[in-house]
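Subject: Structure for your review

Dear colleague,

Please find below the sequence and structure that I am handing over to you. My notes on what was found follow after it.

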Number of protein chains: 8
Amino acid sequence: MNGFEDHGFVKLDVGREERTGHPEVVFGLGKTVDQVETIFARLVEVHGRALVTRATSEMAERVKAKHPDAEYDGQSRLIRFGKPFRKLPGKVAVLTGGTSDIPVAEEAAGTAEWMGCEVDRIYDVGVAGIDRLLTHKDRIREASVVIGVAGMEGALVSVVGGLVRRPVIAVPTSVGYGANLQGITTLLAMMTSCAAGVTVVNIDNGFGAGYQAAMILQLVAEAD
Amino acid sequence: MNGFEDHGFVKLDVGREERTGHPEVVFGLGKTVDQVETIFARLVEVHGRALVTRATSEMAERVKAKHPDAEYDGQSRLIRFGKPFRKLPGKVAVLTGGTSDIPVAEEAAGTAEWMGCEVDRIYDVGVAGIDRLLTHKDRIREASVVIGVAGMEGALVSVVGGLVRRPVIAVPTSVGYGANLQGITTLLAMMTSCAAGVTVVNIDNGFGAGYQAAMILQLVAEAD
Amino acid sequence: MNGFEDHGFVKLDVGREERTGHPEVVFGLGKTVDQVETIFARLVEVHGRALVTRATSEMAERVKAKHPDAEYDGQSRLIRFGKPFRKLPGKVAVLTGGTSDIPVAEEAAGTAEWMGCEVDRIYDVGVAGIDRLLTHKDRIREASVVIGVAGMEGALVSVVGGLVRRPVIAVPTSVGYGANLQGITTLLAMMTSCAAGVTVVNIDNGFGAGYQAAMILQLVAEAD
Amino acid sequence: MNGFEDHGFVKLDVGREERTGHPEVVFGLGKTVDQVETIFARLVEVHGRALVTRATSEMAERVKAKHPDAEYDGQSRLIRFGKPFRKLPGKVAVLTGGTSDIPVAEEAAGTAEWMGCEVDRIYDVGVAGIDRLLTHKDRIREASVVIGVAGMEGALVSVVGGLVRRPVIAVPTSVGYGANLQGITTLLAMMTSCAAGVTVVNIDNGFGAGYQAAMILQLVAEAD
Amino acid sequence: MNGFEDHGFVKLDVGREERTGHPEVVFGLGKTVDQVETIFARLVEVHGRALVTRATSEMAERVKAKHPDAEYDGQSRLIRFGKPFRKLPGKVAVLTGGTSDIPVAEEAAGTAEWMGCEVDRIYDVGVAGIDRLLTHKDRIREASVVIGVAGMEGALVSVVGGLVRRPVIAVPTSVGYGANLQGITTLLAMMTSCAAGVTVVNIDNGFGAGYQAAMILQLVAEAD
Amino acid sequence: MNGFEDHGFVKLDVGREERTGHPEVVFGLGKTVDQVETIFARLVEVHGRALVTRATSEMAERVKAKHPDAEYDGQSRLIRFGKPFRKLPGKVAVLTGGTSDIPVAEEAAGTAEWMGCEVDRIYDVGVAGIDRLLTHKDRIREASVVIGVAGMEGALVSVVGGLVRRPVIAVPTSVGYGANLQGITTLLAMMTSCAAGVTVVNIDNGFGAGYQAAMILQLVAEAD
Amino acid sequence: MNGFEDHGFVKLDVGREERTGHPEVVFGLGKTVDQVETIFARLVEVHGRALVTRATSEMAERVKAKHPDAEYDGQSRLIRFGKPFRKLPGKVAVLTGGTSDIPVAEEAAGTAEWMGCEVDRIYDVGVAGIDRLLTHKDRIREASVVIGVAGMEGALVSVVGGLVRRPVIAVPTSVGYGANLQGITTLLAMMTSCAAGVTVVNIDNGFGAGYQAAMILQLVAEAD
Amino acid sequence: MNGFEDHGFVKLDVGREERTGHPEVVFGLGKTVDQVETIFARLVEVHGRALVTRATSEMAERVKAKHPDAEYDGQSRLIRFGKPFRKLPGKVAVLTGGTSDIPVAEEAAGTAEWMGCEVDRIYDVGVAGIDRLLTHKDRIREASVVIGVAGMEGALVSVVGGLVRRPVIAVPTSVGYGANLQGITTLLAMMTSCAAGVTVVNIDNGFGAGYQAAMILQLVAEAD
């Protein structure tokens with residue numbers, strides 16, 4: 001469980017893959033481009049793969065200069081490099097309430113894929129037009145884990161939670177205005193809803209939801 | 001528009017019926033039993049009918065001692081006396097998300113009835129079991145106005161708002177715990193939802209929703 | 001009630017007009033210009049009319065390139081296209097507390113007009129100079145529905161609620177500073193006021209108020 | 001400016017009358033009956049008069065056992081003893097929005113009277129029936145200082161502020177429910193209102209308003 | 001997916017077991033003893049097993065009068081009846097930060113057991129004495145799912161999240177005072193922590209955590 | 001009391017001077033330059049003097065183009081024009097806790113001067129160096145009204161309130177960071193302080209404090 | 001650093017004294033009387049001394065039945081047993097803003113004494129009568145550490161912070177009402193104040209302040 | 001204790017060094033470049049040393065033009081000039097939870113150094129990889145005072161508080177997003193944690209923590 005490397009501004013958790021199944025993921029927000037570059041390079045050296053979240057295009061350029069195979073997606077703000085250690089069983093359905101929630105959903109989907117999950121994207125199925133959601137009922141029920149991403153349509157996860165026999169992970173987004181309070185309202189509403197089987201991550205934390213979904217499928221893979 | 005009577009602790013708005021179509025309604029919370037008794041008696045004298053909200057059973061006993069025909073309902077906490085001035089057209093559907101929201105729903109229903117509305121009660125149709133709601137879709141669509149009462153299942157009004165061609169009035173309730181914040185979360189979530197055609201009243205304010213529904217139907221009645 | 005079209009990033013609710021009386025309205029905030037253009041074009045094809053709220057001037061330019069008859073108003077940020085299905089009966093009065101509340105009021109007014117309502121604008125009648133409001137008392141009373149738009153002067157709807165026999169819809173605005181909390185204070189104050197007959201929509205949600213007013217008048221039109 | 005007496009649990013500010021014109025006032029909340037008794041006795045000894053706010057009936061009984069001329073009023077929760085040093089000029093109008101706000105208003109009125117003010121009580125003139133207030137317009141304008149006490153009807157002070165040429169002091173009360181947030185909403189709304197000439201004290205702080213009114217009239221008395 | 005029964009005050013979701021794998025669970029809070037009794041009896045009739053959360057001892061007595069085999073635990077406030085449909089694979093570790101968090105942990109553990117999980121209880125291992133937690137590191141790592149229950153020691157789940165290769169479910173509790181804000185602080189802190197693999201349920205919602213853990217293990221059981 | 005002029009976007013309260021002693025003051029925030037220009041011109045025509053608060057330099061340039069005698073101060077953001085109707089008796093002391101609070105203090109001072117008050121500025125006397133304040137004790141006591149302006153040093157008004165026999169008006173400012181919550185903390189702290197004789201206005205509302213001070217001195221002037 | 005004992009509901013940190021200098025302290029709130037009794041007995045066995053905070057009188061009775069020398073103080077709610085390991089150098093001054101803050105101050109003082117500190121109590125020296133505080137300036141300056149305990153008079157620590165060359169620890173209390181928000185306002189205000197040298201503990205956390213003071217003096221004792 | 005100099009916009013506390021051991025420190029935020037320049041020059045004249053916090057690079061350039069030996073560090077935003085009066089005994093350990101917390105940590109470290117402390121920086125040791133922290137356990141225990149700086153990893157100080165026999169000062173940072181609420185969540189969580197021996201300063205207030213650490217070591221230095 002040891003294996004931290006001391007680079008001064010960062011203590012790299014190079015033992016994390018052994019402990020948890022996956023290398024440390026770099027949270028780009030608040031780091032300098034130089035810091036991201038250094039950490040990324042070292043992670044690739046050690047693990048052969050790396051993931052940066054909340055990356056700016058400037059970070060992406062710098063990283064790709066040295067690692068041309070790294071992929072950057074401006075919508076999800078992920079820099080991804082390398083193949084997953086193994087393909088995880090089952091499927092993760094990622095739903096959004098509206099079109100504006102898609103960037104956060106892509107962070108969830110991209111993270112889960114990088115960790116070895118198959119992802120099924122079902123976007124813009126908020127409950128204000130309930131048939132949009134019900135039309136995809138069977139597809140949603142086939143998923144092993146469901147991620148519901150919504151800002152103004154937090155109700156989405158309440159409805160889904162009552163439809164499936166699988167864990168549901170809710171991601172409130174900061175999409176909205178006024179009484180939305182930058183997502184706090186949706187976060188709290190998702191928690192207070194009485195649908196059993198729903199847990200919640202931080203506002204706009206698509207990464208956290210994708211990661212948890214992969215943890216669940218890793219359990220399935222290792223359960224035998 | 002004048003016609004206020006000065007009783008010291010209260011300025012009775014005896015001209016309100018002429019102005020708005022209905023006598024002043026007595027808000028029981030924070031008033032003494034003596035105060036309620038005095039106001040009630042004078043309202044009956046002037047208008048021949050009266051309504052007290054948030055009434056205690058002690059208030060009800062005192063009022064009924066003098067007005068044996070007054071009716072008190074412990075669940076809605078309403079004291080009602082007298083017939084509505086006229087029967088209003090159409091129908092008001094009152095929905096609840098759960099069983100615990102029924103007392104607030106009864107305040108809404110009882111108020112609307114006292115004002116002349118016909119009411120259709122459809123209780124415990126929260127979205128965690130979406131078929132409960134969809135089963136009653138036609139019945140809900142027949143209503144002229146829909147009142148949605150919910151504490152933990154605020155999502156109810158988002159779904160209903162997208163189903164009907166009629167105004168929807170949302171009543172958040174204080175039923176719930178933790179992240180519910182005594183109803184504040186549900187209040188804000190009902191506002192931030194993107195269902196058009198939904199307006200919101202204060203937490204547990206069944207009276208306000210019933211009153212607004214009656215105002216709408218009064219408009220219909222007087223529109224010709 | 002079906003009739004959703006799947007465009008990937010959006011599930012167009014083309015059956016909405018049949019269900020609710022009006023086509024789906026496009027909420028511009030958080031959508032890309034490309035997305036708005038695609039949705040707009042398809043809505044016009046299906047319904048012959050369309051409405052975009054919170055539109056930027058860039059969205060407007062793109063839309064007008066293909067639909068020269070579309071109208072954009074920079075104050076209300078609405079793009080409107082096409083005639084209402086029918087003229088609704090009665091009149092909607094739109095009031096503001098101050099001059100700075102006018103943009104939100106115009107969103108309400110423009111939405112209601114697009115849906116077929118006649119609108120009477122009565123601006124800058126906040127209660128700090130109560131005679132400004134009382135002077136227009138008769139005009140306000142003639143309206144079928146009253147919309148009160150106010151940021152610092154939330155008191156406006158309390159006063160109006162006691163004057164009329166018609167439903168009042170309150171729109172808190174984010175105009176103000178300090179203790180105003182970007183409109184949250186006014187939103188809550190409008191709810192806690194004891195004026196019966198007032199319901200509230202989200203901060204700056206002129207659209208929601210205009211839509212609800214039209215729903216009420218649609219009921220009147222279809223009530224016979 | 002000195003003259004504090006050290007009684008261990010309290011440092012009595014016996015020099016306060018010289019400094020500010022009035023003896024220290026005892027805030028009963030959170031003090032034991034013994035503590036109130038001790039402080040009261042000493043204040044009477046030094047100044048010949050004393051005032052306790054937020055007094056319980058048990059405190060009142062104990063105090064009256066030794067000072068039979070002390071007066072206790074259960075509504076305002078004030079224990080008052082002794083005559084004001086002098087009669088202050090002018091008049092203080094104390095208004096309430098509703099009947100339930102009267103106890104706080106009585107704390108304001110009783111404090112101002114104990115300090116030498118003449119008080120004019122105008123209760124239950126909330127703006128939901130605006131004529132109740134306008135009927136008393138002249139009486140309100142005759143006051144030197146106006147105190148507006150309201151929980152659900154914070155709008156009251158906005159209207160009054162625009163009517164008079166005198167300072168207005170607003171007292172939010174905790175009367176209300178739900179979105180009222182125990183008075184916080186009304187407190188903030190009173191501040192965000194755009195009526196010039198209105199200042200605000202803490203929730204339910206009738207004492208503070210009465211005291212400030214007396215300070216203003218003391219200035220008038222000593223201005224010559 | 002149909003199969004709702006209409007009992008007026010409740011629409012019983014008798015089809016829920018088929019849909020989700022488990023019968024509807026009765027949330028006792030806010031229901032009357034009569035309501036709980038009726039619902040419980042019908043659930044037992046249909047499914048042969050039932051669970052009530054937030055049950056009072058009065059509810060338990062009434063239920064046990066008719067169903068002597070029902071078990072009530074005053075700490076977790078659960079009424080449990082019947083055997084799980086099958087034993088789920090793996091193990092759920094339930095941790096608490098302190099002794100006072102145990103009642104919520106017992107709700108989680110009891111729910112998971114009723115649904116067929118094996119539970120390992122590891123209580124009072126908050127991080128203020130980090131060796132308490134580290135001593136049980138191997139035991140925690142053997143679990144398939146970890147539930148962390150904490151009021152003042154929200155840090156617990158941050159530490160655990162970094163130690164395991166399994167999903168972690170955090171339950172904030174309302175244990176604490178002052179800045180704890182009845183659990184809201186811990187709820188938000190659990191979300192803002194940067195430990196990947198942690199999701200959160202409502203304050204004191206042991207049931208929700210136990211339910212989600214069982215959903216995950218149900219997936220494992222049905223994954224083959 | 002009438003005399004409102006309808007300019008569409010604004011209802012000018014030209015009767016305000018007669019009612020309250022002073023012309024309507026223009027709140028610049030949220031108004032366009034054109035609107036300010038129109039209102040300013042009309043106010044000067046009617047009253048011979050005018051005041052704009054929260055004015056931008058662009059507003060000032062436009063106004064000065066037509067009224068070269070108008071004065072603009074970039075720190076207080078006031079545009080002032082014309083002489084006060086009369087000199088008011090006494091003196092207003094304006095204190096600040098720190099240097100950064102000076103712009104708000106200047107808004108208070110400039111407003112009071114425009115209304116006829118003499119002002120004594122005593123800046124940077126926060127309590128973290130209590131002798132700074134005590135050194136000016138006599139000067140503060142000579143004032144008829146004291147205005148205390150502070151963001152991080154809200155304690156200032158608590159200390160001053162206990163030193164003087166005159167009304168104190170507190171202005172919380174948004175100066176500060178973190179726990180200051182853009183001034184909300186200071187606003188609430190000023191209210192909760194137990195210094196009698198202190199009332200509070202909105203955050204950064206120097207205008208409101210200056211106006212209230214002038215109202216008090218107008219009372220003194222007209223009291224005879 | 002090991003030495004935890006597993007009693008199921010509690011993992012006793014018997015190694016804490018060696019690690020930190022003092023035995024684990026028992027936080028009584030939320031524990032049962034049985035739990036407190038068990039823990040207390042074991043702590044006394046191991047360390048020869050023990051401290052319980054937030055103890056009820058029932059807990060005290062039970063503990064004293066077995067340990068007659070244990071002392072319970074109803075005001076501070078502390079159960080103390082045994083002598084400190086050594087007398088710490090210097091002196092801790094404990095100040096309160098008002099009389100109602102004394103119970104929290106006594107928790108601080110009692111804790112510090114149990115840990116070996118000498119305590120100087122200076123109560124009711126809030127800044128609303130600033131001379132009360134200044135009179136004791138020299139006595140305060142003689143202390144090695146100053147603890148300031150205040151609910152409504154948070155300003156106290158701002159003033160003290162600027163007077164001394166020693167660390168100041170602020171304890172906000174929940175004494176107050178309305179805008180005080182059960183102490184949250186004072187907590188935040190103490191943080192936002194610009195007095196350097198002040199740190200803050202949780203609301204009503206006298207224990208935490210006393211403990212930190214002892215930690216500082218322990219450093220002094222061990223610094224040589 | 002006197003010795004304030006009146007420069008109009010600032011009352012320089014030139015007696016502060018004598019009173020507290022250190023010159024007044026200039027808080028740059030909200031001051032103009034001119035004001036900082038003036039104050040800095042005078043402080044250097046009087047004390048031979050000066051410190052500016054929250055300084056912009058523009059302030060730094062202006063100051064260095066006259067005082068070329070002044071040092072500016074863009075990360076900590078400190079301008080430092082002059083040697084400490086004496087070297088303080090012991091050592092201050094400054095820890096961060098993550099890389100993004102380093103700027104605030106540098107403000108703490110730089111302040112403490114300017115005041116005469118030796119500082120040991122231990123960065124990026126958040127608890128999500130607990131071994132990072134435990135690896136440095138001995139180094140942390142050698143410190144006389146520990147400062148813990150963290151935004152998303154507030155749990156850091158809970159763990160540290162249980163490891164050491166020295167005072168711990170927590171600095172919440174605004175690093176984070178969503179539920180972090182710009183640091184408020186971490187601030188409150190640090191307070192509600194049950195680790196004894198931890199006190200807290202304002203969000204991002206590295207200066208306050210460094211200052212308090214120096215106050216503690218000054219006490220050690222002067223304790224003999």
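How many residue pairs are in polar contact between chain A and chain E? In this predicted model, the count between the two chains is 16 residue pairs. The side of chain A that touches chain E draws on several elements, including α1 (16-20), α8 (184-192) and α9 (206-222) of chain A. The largest share, 10 residues, comes from α9(A).

The contact takes 43 residues from chain A and 43 residues from chain E. A:R165, A:M191 and A:L219 supply 20% of the area that chain A buries against chain E, more than any other three residues. The area buried between the two chains is about 3400 Å², and carbon and sulfur atoms give 59% of that area. The rule also finds four salt bridges across this interface. E:R166 forms a salt bridge with A:E222, and their closest N and O atoms are 2.6 Å apart.

Chain A can be laid on chain E with an RMSD of 0.0 Å by a turn of 180 degrees and a shift of 0.0 Å along the axis. The two copies are therefore related as by a two-fold rotation axis. Of the interface residues of chain A, 100% are also interface residues in chain E, so the copies meet through the same surface.

Within chain E, four strands form an open sheet with mixed pairing, in the order β3-β4-β6-β5. Its edge strands are β3 (26-27) and β5 (71-73) of chain E, each of which pairs on one side only.

Yours sincerely

How values were computed. Residues are numbered from 1 along each chain as its sequence is written. Chains are lettered from A and ligands numbered from 1 in the order in which they are written. This is a predicted model: local features need pLDDT of at least 70, side-chain atom pairs count only at pLDDT 80 or more; totals for chains, interfaces and linings use all residues. Side-chain values use heavy atoms; hydrogens and water are left out. Copies are superposed by least squares on the C-alpha atoms of residues with pLDDT of at least 70 in both. Contact means heavy atoms within 4.5 Å. Two strands pair if DSSP finds at least two bridges between them. Helices (H or I, at least four residues) and strands (E, at least two) are DSSP runs, numbered from the N terminus. Buried area is the accessible area (1.4 Å probe) that two parts lose on being put together, summed over both. A salt bridge is a side-chain nitrogen of Lys or Arg within 4 Å of a carboxyl oxygen of Asp or Glu. A polar contact is a pair of N or O atoms within 3.5 Å; within protein, one must be able to donate a hydrogen and the other to accept it, and residues adjacent in sequence count only if both atoms are side-chain atoms.
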